[in-house]
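Me: I am new to this structure and would like to know what the labels put on it rest on. Please set each label against its definition.

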Amino acid sequence: MSKQVLILNITRMGDLVQMGPLLARLQHEWPGAGIDLVVDRRFAPVAELLPGLRHIAAYDFHALIDDSRAKAKDVVALYQDVAAWAKPLAEAGYDRIVNLTFNQCSGLLAGYVGASDIRGVRSAWDGGPVVENPWMAYFTDMHLYRRFNRFNLVDVYALGGSGVGPFSPLRLAVPAGASDWARRFLASEPATAAQWVAVQAGASDPMKAWRPEYFGRTMALLSKILSVGFVLVGTTAEQETIIQVKGAYRDAGGRAPLRVAVGRTSLPQLVGLLAECRMLLTNDTGPMHLAVAVGTPVVDLSVGHVDFRETGPYGPGHWVVQPELDCAPCSFDRVCFHHGCKDRVATAEMAALCRHVLQQASVPVTAGGARLYQSAVDEDGLATYRLLAGAEHPTTAWYASFWRRYWYEAFTGTPSRTSAPIGPPPDLSDADERLGCLLPLLDRLCDQADEMVRISSRRPVPVEALKTFQARLGKARQEAVTRGMESPATAPLAVSFLRDIHNDNVQGLERLARHHAHAYELWRKRAKDIQARLHNATGDPSRRPFGRDVASGPVPAIGHR
């Protein structure tokens, strides 16, 4: 009997498109597997364009949230409605559930449907959320050290939901009716254009959007050197942005025909329109992923809190421009009062880049205050971005490469085929010192955690002694975490430890204590391994690492928990 998989992907259109390689990877792992999808009803038309799905189960989760907030129904009635809808899913007997929606409600749904293998958020024994699978846990925490992250969300989905396998691009089927509509829409413009360029100037969050007037000026510059036409795409909520784009385009002397499709397309029609265009100039948006999935080259402006390494255009053949600022990308909780990153990207350079994509002209040698990247696939079959113009901070670049290889090997148990960073890290002396301070703290924490296991195993449990020792352990843990967060050589480990220790789907004091002891021991083992790797990177055998002993060999792969 073929394997059965259920995927929960409820929140955003872009997330749906980005799970395409996961579908291919599951078929690589389990040929002939039946793969079903739970999706919000608004995005079902996009889900229907994804290849490899057996069944799409659509529910109006948006209305469910509204009813909950408005208290249109009591909580029990709302849960009863969802349970009745999901009953056939619970009876299907899935072998695996992959939950790509990282919230407590989706975790409850995953637990209700049930499977022997649940990856992503699920409900623990007490109803709280826990994250199963190390890749899924990595996704929930990578924003805490995002400047060192080099895993695209698409690859995290595929690795976490399935495992290692061949590269597979994003794919969407373009309905014939949508293609016909798109051709008629473009032909309705009386002026002719040798090629059409789609432009997505808006975004769901203004922080993610380049300034509208810059889009207009870039389009005007391009119209003066190439025979092109422009198609403005987006939602009805972006009408004001489109007015600004058109005004700037006209004021800058734009000559090419201009079509406005904003708010005038269904999702399949938008897919058809993007497939007819020669390229897409865009912010980081859902339409960007649609364009990638139909083979249309993308020029992506990664501004504000967007980090293209997480959600940028996937696979080879695309371009990314990121402002060259120390604060770029900013954190998600940052309130920026100047949005100065958007002014670092020069319209002349953007027009030159678009000309290269459209006409195969020379690649701009400078990005005018920004970094220029080209998307590619690395030796492990994962997405990567090659820096072509601008510069990255040497310490950031070294540790980004280091942690990319480290987590891949730790989570898969497979050696990475990507190149190790050249030489030691620029901050080697500081990293040595930080690890030298941290490891004795971890030794003490492991000893204390083992003592907690012994205390919690006594019968009757000595409650007061347990409370006293727990307070002492908590204080020591806080000191170690603070120290661990001070260096790029140790911060990702501290973040991972905090996830490990709170991912405690266990019952009983003794089991909880053993879970914590394992988390401390894993943290120490990883820290020793990092120390050994930094030592080996120096090529100097006289440099001896700190600590009791050094773990030799690769860190063993972590299980699905």
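Me: How do you know which parts of the model to rely on, and how are residues numbered?

Reply: This is a predicted model, in which local features need pLDDT of at least 70 and side-chain atom pairs count only at pLDDT 80 or more, while totals for chains, interfaces and linings use all residues. Residues are numbered from 1 along each chain as its sequence is written, and side-chain values use heavy atoms, with hydrogens and water left out.

Me: Why is Leu22 called buried?

Reply: Buried means under 20% relative accessible area, exposed over 50%, and partly exposed in between, with a 1.4 Å probe and protein chains only. Leu22 has 0% relative accessibility, so Leu22 counts as buried. Leu22 lies in helix 2 (residues 20-29); helices (H or I, at least four residues) and strands (E, at least two) are DSSP runs, numbered from the N terminus.

Me: What is Leu22 in contact with, leaving aside its neighbours within four places in sequence?

Reply: Contact means heavy atoms within 4.5 Å. On that basis Leu22 is in contact with Ile7, Val98, Leu100, Tyr157, Ala158, Gly161 and Ser162, with neighbours within four places in sequence left aside.

Me: Which residues of helix 12 are buried, and what covers them?

Reply: In helix 12 (residues 267-276), the buried residues are Leu270, Val271, Gly272, Leu273 and Leu274. Their cover includes helix 9 (176-187), strand 7 (195-200), strand 8 (228-232), strand 10 (279-283) and helix 13 (286-293). With neighbours within four places in sequence set aside, the contacts of Leu273 are Trp181, Ala182, Phe185, Leu186, Val231, Val233, Ala261 and Thr265.

Me: What makes a group of residues a nonpolar core?

Reply: A nonpolar core is a set of buried Ala, Val, Leu, Ile, Met, Phe, Trp, Tyr and Cys residues joined through side-chain atoms within 4.5 Å. The largest has 56 residues, of which Ile7, Leu172, Val231, Leu273 and Leu290 touch the most other members. Helix 13 gives the most to this core, with 5 residues. Another core, of 51 residues, lies apart from it and has Phe402, Tyr408, Phe497 and Tyr520 among its members.

Me: What makes a space a pocket and not a cavity?

Reply: On a 1 Å grid over the protein atoms alone, a cavity is a set of points where a 1.4 Å probe fits but cannot get out, whereas a pocket is an open set with protein on both sides within 12 Å along at least five of seven lines; lining residues have an atom within 4 Å of a point. A volume is the space filled by probe spheres set on the points, which are joined across faces, edges and corners. The largest pocket holds about 1400 Å³ of space. Its lining has 44 residues, and the closest to its centre are Arg12, Gly14, Asp15, Ser204 and Lys208. Helix 1 supplies the largest share of that lining, 4 residues.

Me: How much space lies in the second largest pocket, and which residues are nearest its centre?

Reply: The second largest pocket has about 690 Å³ of space. Of its 23 lining residues, Phe61, Leu64, Ile65, Cys105 and Ser106 lie nearest the centre. Helix 4 gives the most to this lining, with 7 residues.

Me: Why is the pair of Phe102 and Phe139 called tilted?

Reply: Rings of Phe, Tyr and Trp (its six-membered ring) pair if their centres lie within 6.5 Å; planes under 30 degrees apart count as stacked, over 60 as edge-to-face and the rest as tilted. The ring centres of Phe102 and Phe139 are 4.7 Å apart and the planes are at 45°, so the pair is tilted. Phe102 has 25% relative accessibility and so counts as partly exposed; Phe139, at 21%, is partly exposed as well.

Me: Where do Phe308 and Tyr373 lie, and are they buried or exposed?

Reply: Phe308 lies in helix 14 and Tyr373 in strand 13 (residues 370-377), so their pair ties together parts 65 residues apart in sequence. Phe308 is buried, with a relative accessible area of 0%, and Tyr373 is buried at 1%.

Me: What stands out in the backbone at Asn133 and Pro460?

Reply: Most residues other than glycine have a negative phi, and most peptide bonds are trans. Asn133 is not a glycine, yet has a positive phi of about 90°. The peptide bond from Arg459 to Pro460 is cis, with omega near 0°.
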